[in-house]
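Dear colleague,

Please find below the structure I am handing over to you. My findings follow it.

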Amino acid sequence: MRKTPAKKPMAPGSRRQKLQPPVLRSRRRVGQAAFLLALVLVTYSNSFSGGFEGDSGPIVTQDPRVQQVSRANLGLVFSQQYWYPTADSGVYRPLVTLSWMFNYVLLGNRDRAGGYHAVNLMLHLSNVLLAWLLALEVWKKPVAAFFTAAIFALHPVNSEAVTNVAGRADLMAALGVLAALLQHARPMSASGWRKVLGPVGIFTATLFGVFSKENAVVVPVLMCLYDIVIRREQPFSWRHMLPRYAAATSAVIVMLVVRHLVLSGLPSPDLPFVDNPLVGAGFWTARLTALEVIWRDVWLLVWPQRLSWDYSYDQIPMATMAGGLASLAGIVSVLAALIWIVRRHPAACLFGAFFFVALVPVSNLVLLIGTIMAERFLYLPSLGFSGCLVAVLGVGWSGSTFARFRPVVAGCLAVVVGALGLRTWQRNFDWTDGEKLWASAVEASPNSFKTHLAVAYGLSRRGLNLGNINDALDHARKAVSIVEGLPPLQNTTSAITTLGTLYKMKGDLLVYRDPAAVEDWYRKALETLDRALPIDRAYAQERRRRELARGWGSERIEVKGYAALYETLSDTYRALGRLPEAIDALQYLVRLTPLDAKRYAQIAELESSTGHAEDSLVSLWMAETVSGTHEWESQLASAYHQFDPTSCAGAGPSAVTSNRDCPLVRTHICSAHLRLVAALSETGRADAAARYRLDGVRTYGCTLLQ
């Protein structure tokens, strides 16, 4: 009688899951998804009380495009760079700017940060679900997929992308990448017109990602990686995959073309040395340092105890040859190990390669970007790290060898997830309290000039007094000492200007407490601010040189500089009674901001104090013209009454408006237009100059403007 061969024991998670009823599998998956989302909601429940910390203020509250839905603003969203109008970043992310408009106008959040935090959290929840679904496709094991998604969902490094309002670009880019990759990972079972839905979905998701942040260009590479590693032993046709690759690649090409067309017509971007010192290093030094930064990133993911929102100069030193080559050897060894395990553990190989591929666009290895290191850059790569951690602990491995240890390992991972969630909860409090955020940054990045400046700014925002201004001065001095010695083109005006401003404020605070010491503090402020002038002028000259080298005419080149320097310089000169110098500082400030009516009014006040009454009237008319309102009418009427009570300029001492038909007033208005047109023409604003020239000719008949 023939013996029936004994059945081999099934590997846990291999066939048993397939034999489960579909309804049971569906319920368990819904339960896992609900539990994941609950973990995220609990962990980030304390993130809604934060304000606009870090870059969020300039990007959101200072962007006029997002404050009203109009054709003009929508046009500016797609025709201007991301940081408009506060900086020339060379970054193009129109969908993120549209999301600010959605919050500001449609949801009515305006300058209340709670709604912005809610949208960020919704995006993170969506990404967690997509990461979980993708992990299920890769692992084919619910426990491994759950922990992969849970570590990604709760890792403290990702707090900067989720709790920081400005981290939305990383959230939206990751949403596009994960949606496209998940669509690609699904089997091609459809036929006919439904077969087109796959490529269309990939194209749409990739387009969403790349117009949110540039690092989403990795989609085609990740798709190829998935096919090589996961589908390597599965029956599939590369030819059938071509429409999907074409869809993802086409979306990337569309973004690159549109981005080039938009940015080529805008001023060249700034890459400050103090934000990314690699721009001032040699090619190989920069790349070896970038490799060392990758290991710093890995350590942050392994041990996220000391986190910082900034790693500017001089926190990360340049790599030595030995250190850089050691970092390179380490990365090559890791990549070799991933290749070695591709047959044994393809899921582990995929997640490891995912980490490196997702990190490359923000690593400074290919292109130098605006900063040397940032925790928000690890948002998408952290999914690869999460999968690797699960793989290293053996949760996703098959075979009887690991079966007996799997509950223990799962318990250990549960402890890890809990610890990460607790650290994220703590980190959220930093992001919701500016002072804690700045203090934690100084502790984690004590050699960064910017973290010390942030503390000084924070104390100033809270309100400076004789009890805390010395603390602000200490941090400002530390910031200056860090950048001191850098050549002008690599230095920054902000640190010295902040220190000079604090000296001026210290003098203001001592007016009643110690009047004899006030002038000394003002002079100290003036000496400090004077040190910033060569740096600012060198920056302006370099900007002009770059634009001329691009073939731009001088009439298109705007004068650039640090406006706060000249504003404080003028205030300091005025406090010392040196009014002509105060006017000169304001005149240069006007070159930087020629459409700021407030500056012309300040000049008018100083000109009046120095006995230049007619010049003061012209400056007031410049303020009135630029403002586009009648804000300065009563001040003009009063000034004309003092200038010549018998003239036709006003209707008497009680007049609140000036007589614009009076020849004297017309002369002053035309002089104001003439000066305004000259100022705009000389500072690269030819369109605005033409507009005011036409207004002067048509409205007031100014013949000198023709």
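In the protein chain, 73% of the contacts with a separation of 6 or more are between residues 24 or more positions apart, where contact means heavy atoms within 4.5 Å. The model is a predicted one, in which local features need pLDDT of at least 70 and side-chain atom pairs count only at pLDDT 80 or more, while totals for chains, interfaces and linings use all residues. Residues are numbered from 1 along each chain as its sequence is written, and side-chain values use heavy atoms, with hydrogens and water left out.

The protein chain holds 30 helices and zero strands; these are DSSP runs numbered from the N terminus (helices H or I, at least four residues; strands E, at least two). Its C-alpha atoms fill a box of roughly 130 × 60 × 45 Å along the principal axes. Of its 706 residues, 52% count as buried, that is, under 20% relative accessible area, with exposed being over 50% and partly exposed in between (1.4 Å probe, protein chains only).

Helix H7 (residues 142-154) and helix H16 (residues 381-392) pack at about 135 degrees, their axes 8 Å apart. The axes are lines fitted to C-alpha atoms over the stretch in contact, and angles run from 0 to 180 degrees between N-to-C directions. H7 is therefore oblique to H16, given that angles under 35 degrees count as roughly parallel, over 145 as roughly antiparallel, 65 to 115 as roughly perpendicular and the rest as oblique. The residues in contact include Phe 147 and Ile 151 of H7 and Leu 383 and Gly 387 of H16. They divide into seven nonpolar, four polar and no charged (nonpolar: Ala, Val, Leu, Ile, Met, Phe, Trp, Tyr, Cys and Pro; charged: Asp, Glu, Lys and Arg; polar: the others, Gly among them).

In helix H22 (residues 493-509), 13 of the 17 residues are buried. The expected span is 1.5 Å times one less than the number of residues; for H22 this gives 24 Å, and the end C-alpha atoms are 24 Å apart, which agrees.

The 13 residues of helix H24 (residues 563-575) should span 18 Å, in agreement with end C-alpha atoms 19 Å apart. Among its buried residues are Leu 565, Tyr 566 and Tyr 573. The buried residues of H24 pack against H22, H23 (515-549), H25 (579-592) and H26 (597-609). Just after H24, Gly 577 takes a positive phi of about 80 degrees.

Finally, Met 241 lies in helix H12 (residues 238-263) and counts as buried because its relative accessibility is 3%.

With kind regards
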